Amino acid sequence: MTLTNFVYSALAVLCAGLIAFTMTPPVRVLAFRIGAVDIPLDQRRMHKKPIPRIGGLAIFFGFTASTMIFCNPTKELFAIWLGGFVLVALGIFDDVFRLPAMLKFVVQIGAAVIAVVNGVVIDHISIGGNYVMFGVWRIPITILWIVGLTNAINLIDGLDGLAAGVCGIGCASMLAVSLFLPQATEISVLVAALGGACLGFLPFNINPAKIFMGDSGSLLLGYVLSTASVLGLFKMYTLVAFAVPVLTLALPLTDTVFAVVRRVSRGESPFHADRGHIHHRLL
């Protein structure tokens, strides 16, 4: 770990957190004005009164501004900014107009393709110094990982502070590992900025929430976490570096697998909402 990398990561957390915290109140006002409000019309909802739900826009502002300041402008980073912007826009439209699930899925694949064509690809993993090459499968594997994790974070966004908290923990875990891996210096600042944006948003999102991140936030978090893990930790030579992005995100990934199996076994669409998630069962 270098002192410069540590300082840049700390400054990225602080900058992203302050911007997200500052931007959340005006985003909350905007949500009410454009009708991006979650009204509890069914039993699946945990809240009892209308709550604005485009808080992800504040997270996007914090993350993007911080990475623009503290990260080197590579083509991979531009791809993350562009793909993140596409998903935030998709989430805002969905929070206002309730878009069809298939349309959202297609746009998520498009965002994953943006990352892939700009070099965000899992072409191999390194375990104990041994390289496992994916060859022609590298592109579908990468798209599956990005889209899968993006949806996983979206699915666990069902309780106040849950998605932001889980992603904050995931970012902290990845940051802790990347700070001690010289090959992952850029990734440490990237995940630090995302974690800081989550921290800045959390005071408004913990129970009782004043605003939800909505799809604009959950899709962004899943997208950045997935692409960051592809760029950094998946390609490191130590086993712990490979395990960290999988283990720290095990909760949303497991919940997603169970949700798909549960719904398909009932003859329902995998996108059909229900109260069978892990956080619902814990309640």
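Which residue forms a salt bridge with D94, the closest N and O atoms being 3.2 Å apart? K104 does, where a salt bridge is a side-chain nitrogen of Lys or Arg within 4 Å of a carboxyl oxygen of Asp or Glu. K104 lies in helix α4 (residues 101–117) and D94 in helix α3, so the pair ties together parts ten residues apart in sequence.

Before going on, a word on the model. It is predicted, so local features need pLDDT of at least 70 and side-chain atom pairs 80 or more, while totals for chains, interfaces and linings use all residues. Residues are numbered from 1 along each chain as its sequence is written, and side-chain values use heavy atoms, leaving out hydrogens and water. The mean pLDDT (the predictor's confidence in each residue, from 0 to 100) of the protein chain is 83.

Let's stay with D94. At 0% relative accessibility, D94 is buried (under 20% relative accessible area, with exposed over 50% and partly exposed in between, using a 1.4 Å probe and protein chains only). K104 is buried too, at 15%. D94 also meets R98 in a salt bridge, 3.8 Å from N to O, and R98 is partly exposed at 45%. Together with D215, these residues D94, R98 and K104 are linked in a network of salt bridges.

The structure holds four salt bridges. One of them joins R53 to D38, with the closest N and O atoms 3.5 Å apart. This pair links distant parts of the chain, 15 residues apart. R53 is buried at 9%, and D38 is buried at 9%.

Terms used
Helix = DSSP H or I, 4+ residues; strand = E, 2+ residues; numbered from the N terminus.
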